[in-house]
Amino acid sequence: MIMEHTVICRHVSKVYRQESVAVQALTDINLEIPKKDFACLSGPSGSGKSTLLNLIGGLDRPTGGEITVDGQRVDQLGKSELAALRLHKIGFVFQAYNLIPVLTAIENVEFVMQLQGMAAAERAVKAREILHEVGLDGLEYRRPGELSGGQQQRVAVARAIVSEPSLVLADEPTANLDSKTAENLMQLLAHMNQEHGVTFIFSTHDKLVMDFSRRLITLHDGSIVNDVRRE
Amino acid sequence: MRSEWRAPLLLTLAWRNLWRHTRRTLMILFAFALGVWSMIVIAAITRGSMEQQLDKSILNLTGHIQIHLAAFRDDPVIEHRFLPPPALSAALAGADVMTWVPRVRVPAVIASERESAGVTLVGIEPERERGLSFIPGAVTEGRYLEAPDDPGMLLGRKLAERLETGLGRRVVLMSQDVNNRVADRGFRVVGVFDTQPRQMEEAYVFIGRATAQQMLKLDDNITEVALMTTDRDHLEELLARLLVAVPALDVQPWTVLEPLLVLTRKITDVVLIIWYAIVFAAMSFGLINTLLMAVFERTREFGLFQSLGMRPAHILGQVLVESLILLALALAAGNLLAAATVYALRDGIDLTSVAEGMELVGVAPIIYPAWSAGDLAAANLLVFVLGLAASLYPAWRAARHVPVEAITRV
Ligand SMILES: Nc1ncnc2c1ncn2[C@@H]1O[C@H](COP(=O)(O)OP(=O)(O)OP(=O)(O)O)[C@@H](O)[C@H]1O
Ligand SMILES: [Mg+2]
């Protein structure tokens with residue numbers, strides 16, 4: 001049986017050009033992320049973790065190489081196709097400021113489903129269920145400013161997975177959280193990975209967070225220097 | 001492409017975003033409402049004053065429609081007289097005609113013991129001129145004419161001064177009769193009139209219609225019919241009817257008789273458009289600035305929208321909806337304020353204290369603001385459509401690709 005891959009990177013490179021200076025952020029990245037994987041990108045600051053996640057999510061374009069997400073060549077998609085890919089296939093969780101400040105927790109979760117054109121009643125049920133699942137019962141009608149950092153990240157996770165994407169990309173999702181809250185959030189991600197079968201790629205500096213992963217990919221100076229499975 | 005969700009989503013977001021900076025939003029709203037208010041109120045006052053002048057000019061012996069022999073307009077002399085055909089009075093009996101009068105209008109020379117002057121002699125039916133011309137209300141000394149065969153004469157104040165004559169004195173009027181002979185007759189000045197513009201006081205003398213016909217051997221001939229209608233801006237139907245009724249006569253509306261009045265009106269339109277443009281330019285400057293500020297502050301949010309898969313067109317739409325709500329609120333407030341102001345001014349703006357100066361340029365001492373559906377629509381449409389157009393640039397800025405570091409930077 002051929003292994004199904006959610007993400008395939010072939011010879012991916014990224015060079016940032018700022019004025020006359022060129023920064024080689026990624027060099028010849030080759031990577032395959034199978035379905036339902038729970039992979040962690042680690043490596044020192046500036047090693048290219050965020051760059052790689054952004055390229056996979058189509059937020060930025062590679063300088064060279066091919067990136068395939070769920071069978072689609074991300075590096076070749078146009079703007080609106082990329083938007084559609086993100087809308088239907090990819091969920092993002094950033095380090096902070098993930099939420100739309102004027103919308104309540106439940107509206108934030110419903111937002112993506114609204115963009116997808118889901119009917120209001122269905123949306124509301126799903127949003128409530130997922131907020132329950134991430135442990136935010138009773139906080140549905142709070143705005144982001146009225147939630148703690150950990151609670152905000154939970155809303156972001158809920159939003160990222162509620163429409164059952166193929167892939168969730170989380171760039172240092174715990175960086176702004178204390179270790180106890182970080183651990184809770186990672187437990188939640190692992191739970192979502194198992195229960196919903198969603199593929200996760202996340203990055204971190206944190207040893208504790210790395211320990212949750214089933215695969216640890218280490219970057220250094222824009223190259224993959226280590227890739228170990230730990231099941 | 002399903003669309004049922006979009007309006008509520010865009011609306012909720014836009015509405016809440018609008019009130020993120022309550023004071024800023026209120027300020028721009030206030031400025032916009034004030035702009036709309038000034039557009040409408042200034043338009044109403046200008047339009048009201050212009051229409052009043054127009055009506056006043058129409059009372060200066062013009063009327064809404066005049067009927068002559070074709071040659072009379074170029075050469076207003078006694079040769080170009082006509083006998084009003086029965087079909088004419090029948091056509092003028094319609095409900096759209098308020099009142100109409102026959103007149104005799106010919107050139108003449110008036111002489112006192114000391115001076116003489118060229119004038120236009122107008123023979124009128126005193127009672128029927130009411131509501132049709134200024135003269136019944138203009139006699140300030142002596143009396144108005146009492147009947148078509150009144151033997152007296154009305155003389156303008158300025159002419160009386162020039163002829164060094166006055167109320168109760170005798171003057172001689174000379175003209176040409178239908179046989180090309182000199183017709184002259186002495187008249188007693190029974191009334192002196194004052195009017196604006198004061199050249200009118202020198203240009204015309206008024207006598208009874210029958211008296212004039214007798215003096216000039218006109219029998220029942222006249223040179224002019226003038227009439228007032230119920231609506232001076234919609235004369236087409238009546239003109240068409242008169243054309244059929246009296247094809248041999250020259251039937252002309254005031255717009256042809258007084259092209260300057262039409263020009264005045266056009267100039268008013270242009271002036272108002274320029275006024276609108278100036279006010280709007282100032283407003284759009286504020287609008288674009290406010291929106292740009294709001295867009296720049298929210299760069300990260302627009303990036304977030306993009307990362308969530310919102311298409312650029314939707315992001316553009318979202319900013320436009322915000323602007324739309326702002327414009328709608330401002331228009332509502334501006335229109336309400338303007339309506340209240342015009343209502344408060346319904347008894348007129350009294351300029352009598354400065355009237356002396358104003359009368360020189362022909363402005364009435366009391367101005368009644370006048371709504372015009374066209375002015376209202378123009379102001380509202382302009383603000384709305386151009387307001388949205390002005391919002392396109394900030395909206396486009398919002399929809400542009402947000403560099404990824406703007407989203408991820410903490
Ligand atoms: N927009 C950019 N312009 C120029 N250089 C950039 C840009 N973004 C990243 N870089 C450079 O690319 C390299 C990789 O950066 P990246 O942000 O991917 O690292 P990282 O592993 O995520 O680091 P951190 O752990 O600090 O988040 C770094 O040398 C960085 O300075
Ligand atoms: Mg990073």
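The legends below describe close-up views of a predicted model.

**View 1. Chain A as a whole.** In this predicted model, chain A is built from 7 helices and 10 strands. Along the principal axes, the C-alpha atoms of chain A fill a box of roughly 50 × 50 × 40 Å. The radius of gyration of chain A is 17 Å, which agrees with the value near 17 Å that a compact globule of 231 residues would have. Of these 231 residues, 55% count as buried, and the accessible surface of the chain comes to about 9,800 Å², with 48% of that surface belonging to carbon and sulfur atoms. When contacts between residues at least 6 apart in the sequence of chain A are considered, 68% of them join residues at least 24 apart.

**View 2. The open sheet of 6 strands in chain A.** The strands of this sheet follow the order S6-S7-S8-S3-S9-S10, and their pairing is mixed. Strand S6 (90-93) and strand S10 (223-229) of chain A stand at the edges and have a single partner strand each, so one side of each is left without a neighbour in the sheet. On average, and with direction ignored, neighbouring strands of this sheet are turned by 15 degrees against each other.

**View 3. Strands S7 and S8 of chain A, with helix H2.** Strand S7 (residues 167-171) and strand S8 (residues 199-203) of chain A run parallel and are joined by 5 bridges. Within this pair of strands, A:Asp171 stands opposite A:Ser203 in S8. Helix H2 (residues 79-89) of chain A packs on the sheet, where the helix touches both S6 and S7 of chain A, and the direction of H2 makes about 80 degrees with that of S6.

**View 4. The contact between chain A and chain B.** Chain A contributes 31 residues to this contact, and chain B contributes 25 residues. The area buried between the two chains is about 2,500 Å², of which 69% is given by carbon and sulfur atoms. On the side of chain A, the residues A:Tyr97, A:Val102 and A:Leu115 supply 22% of the area that this chain buries against chain B, which is more than any other three residues supply.

View 5. With neighbours within four places in sequence left aside, A:Asn54 is in contact with A:Leu59 and A:Asp60 in chain A, and with B:Val404 and B:Thr408 in chain B.

Note on methods: Residues are numbered from 1 along each chain as its sequence is written. Chains are lettered from A and ligands numbered from 1 in the order in which they are written. This is a predicted model: local features need pLDDT of at least 70, side-chain atom pairs count only at pLDDT 80 or more; totals for chains, interfaces and linings use all residues. Side-chain values use heavy atoms; hydrogens and water are left out. Two strands pair if DSSP finds at least two bridges between them. Helices (H or I, at least four residues) and strands (E, at least two) are DSSP runs, numbered from the N terminus. Axes are lines fitted to C-alpha atoms, for helices over the stretch in contact, and angles run from 0 to 180 degrees between N-to-C directions. Contact means heavy atoms within 4.5 Å. The radius of gyration is taken over C-alpha atoms; the globule rule is 2.2 Å times the number of residues to the power 0.38. Buried means under 20% relative accessible area, exposed over 50%, partly exposed in between (1.4 Å probe, protein chains only). Accessible areas come from the Shrake-Rupley method with a 1.4 Å probe; for residues, only the protein chains shown count as cover. Buried area is the accessible area (1.4 Å probe) that two parts lose on being put together, summed over both.
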